[in-house]
Amino acid sequence: MKILVAGGAGYIGSVLVPELIERGYDVDVIDLLWFGNYLPPTSKVVQKDLFKCNEQDIKQYDQIIFLAGLSNDPMAEFDPSKNFVFNAALPSYVAFIAKQVGVKRFIYASSCSVYGYTVNELYDEDSPVTCGYPYGISKLQGERGVMQLHDKNFSVIALRQGTVCGYSPRMRMDLIVNAMFKSAMTGKKITVDNPSIWRPILDIRDATTAYLRAIQADSSLSGIYNVASGNYTVGQVGDMVKYEIEKLTGEKITITINNKQDFRNYKVAVDRAKTYLGFQSQYAVEDIIDDLYRHKELFGDYEKDEYYNIRVFRKLTG
Ligand SMILES: NC(=O)c1ccc[n+]([C@@H]2O[C@H](COP(=O)([O-])OP(=O)(O)OC[C@H]3O[C@@H](n4cnc5c(N)ncnc54)[C@H](O)[C@@H]3O)[C@@H](O)[C@H]2O)c1
């Protein structure tokens, strides 16, 4: 099966693409390489803007996994117009031409950030989406644009991912568990901005499994699916990072609690992904910390600009 991973040189793609290749899929990546290229040297990677792709570039694929665009709130707030164009228009455009040329399935990297601010409720895919900030709105628009195209010959699967964390060869330190891990390792302290808010966390290895399940799902299946390894409060994540790093290093880690407002607060049900995709998470926050710890020699300097999307993006567009 021939698969295009659009935006496949990013954080998620750098774990997913080697796994797909290992499983015998014929994979091409199209990516602007904003953060470099850490894919295995044998990977087929084309540095190109997906907006410049036409039917000729797309028609050879059986499936497309769309991981491109701006991938967090700071980037979206720094350049809202680019955010709406790259996150809402781009996936709709790529899915549109994919359908025209007979691609069978389009898998979209959506986000639980579409849910916005909820209180004490477990949200499923039919719950209201109340986000009011650029990143969440743009991911919702992208999702709606691609879902609009599904029919019996064109399957569209949107994976509403929790915050993806863990080790990737293209590392990000701006994701909750990774960021706390970094500050525990480098400064022996963790700052918890608001301990009571909820976040679904998705181990990057579970994220890879979710994409595999989507690729392999029956061709008639389309739909939106929450995917997470578990729901945690930010306070809970801080405590887990503290406990694990103290255990691993034997050093004392202190926690500072702030009570900053946050515009995101949600926990999600993943039953639909279990029932329809056969998605079963295998990891918890403790496993993410252990995984980061095992790979720590590979990070080098934790402060490298490329580990922080907003720093690279500011340089690219500023
Ligand atoms: N990482 C998370 O926690 C998370 C959670 C939910 C959803 N998502 C979504 O998953 C996707 C992947 O996330 P990530 O963490 O791997 O992001 P990332 O920022 O590491 O990677 C995105 C990649 O897309 C490429 N790209 C951007 N615009 C492009 C364009 N026009 N043409 C070609 N390439 C382009 C970039 O060069 C980059 O390599 C994103 O769409 C993000 O919104 C991520």
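**Helix packing and local backbone features of the predicted model**

Helix 1 is followed by Gly24, whose phi is positive, near 95 degrees; helices (H or I, at least four residues) and strands (E, at least two) are DSSP runs, numbered from the N terminus. The model is a predicted one, in which local features need pLDDT of at least 70 and side-chain atom pairs count only at pLDDT 80 or more, whereas totals for chains, interfaces and linings use all residues. Residues are numbered from 1 along each chain as its sequence is written, and side-chain values use heavy atoms, with hydrogens and water left out.

Within helix 1 (residues 13-22), the buried residues are Gly13, Ser14, Val15, Leu16, Val17 and Leu20. Here buried means under 20% relative accessible area, exposed over 50%, and partly exposed in between (1.4 Å probe, protein chains only). The buried residues of helix 1 pack against strand 1 (2-6), strand 2, strand 4 (63-66) and helix 7 (204-216), contact being defined as heavy atoms within 4.5 Å.

Two packed helices are described by the angle between their axes and the distance between the axes. Axes are lines fitted to C-alpha atoms, for helices over the stretch in contact, and angles run from 0 to 180 degrees between N-to-C directions. Helix 4 (residues 80-100) and helix 5 (residues 134-147) pack at an angle of about 10 degrees, and their axes are 8 Å apart. Helix 4 is therefore roughly parallel to helix 5; angles under 35 degrees count as roughly parallel, over 145 as roughly antiparallel, 65 to 115 as roughly perpendicular and the rest as oblique. On the helix 4 side, the contact is made by Asn83, Phe84, Asn87, Ala88, Pro91, Ser92 and Ala95. Helix 5 contributes Pro134, Tyr135, Ile137, Ser138, Lys139, Gln141, Gly142, Gly145 and Val146. By class, the residues of this contact divide into eight nonpolar, seven polar and one charged. In this classification Ala, Val, Leu, Ile, Met, Phe, Trp, Tyr, Cys and Pro count as nonpolar, Asp, Glu, Lys and Arg as charged, and the others, Gly among them, as polar.

Helix 5 also contains Gly136, which is buried, with a relative accessible area of 0%. Beyond residues up to four places away in sequence, Gly136 touches Ser113, Val114 and Cys131. The C-alpha atoms of Gly136 and Pro169, 33 residues apart along the chain, are separated by 26 Å.

Helix 10 (residues 285-294) packs with helix 8 (residues 234-249) at an angle of about 45 degrees, with the axes 10 Å apart. Helix 8 is accordingly oblique to helix 10, and the crossing is right-handed; a crossing is left-handed if the near helix is turned anticlockwise from the far one by less than a right angle, and right-handed if clockwise. Met240, Val241, Glu244, Ile245, Leu248 and Thr249 of helix 8 make the contact with Val285, Glu286, Ile289, Asp290 and Tyr293 of helix 10. Seven nonpolar, one polar and three charged residues form this contact of helix 8 with helix 10.

The buried residues of helix 8 are Val234, Gly235, Val237, Gly238, Met240, Val241, Lys242, Glu244 and Ile245. Their cover includes helix 6 (176-187), strand 9 (189-192), strand 10 (198-203), strand 12 (230-233), strand 13 (254-257) and helix 10. Just after helix 8, Gly250 takes a positive phi of about 75 degrees.

Helix 10 also packs with helix 6, the axes coming within 10 Å and crossing at roughly 55 degrees. These two helices, helix 6 and helix 10, are therefore oblique to each other, and their crossing is right-handed. In helix 6, Val177, Asn178, Phe181 and Met185 meet Val285, Ile288, Ile289, Leu292 and Tyr293 in helix 10. The contact of helix 6 with helix 10 comprises eight nonpolar residues, one polar and no charged.

Asp203, in strand 10, is buried, with a relative accessible area of 0%. The C-alpha atoms of Asp203 and Ile288 are separated by 6.2 Å, although these residues are 85 apart along the chain. Excluding residues up to four places away in sequence, Asp203 touches Cys165, Ser229, Tyr283, Asp287 and Ile288.

Positive phi values also occur in residues other than glycine. Leu33, with phi near 60 degrees, lies in the loop between strand 2 (26-31) and strand 3 (44-47) and counts as partly exposed at 21% relative accessibility. Asn120, with phi near 55 degrees, is found in strand 6 (residues 117-123) and is exposed, with a relative accessible area of 65%.
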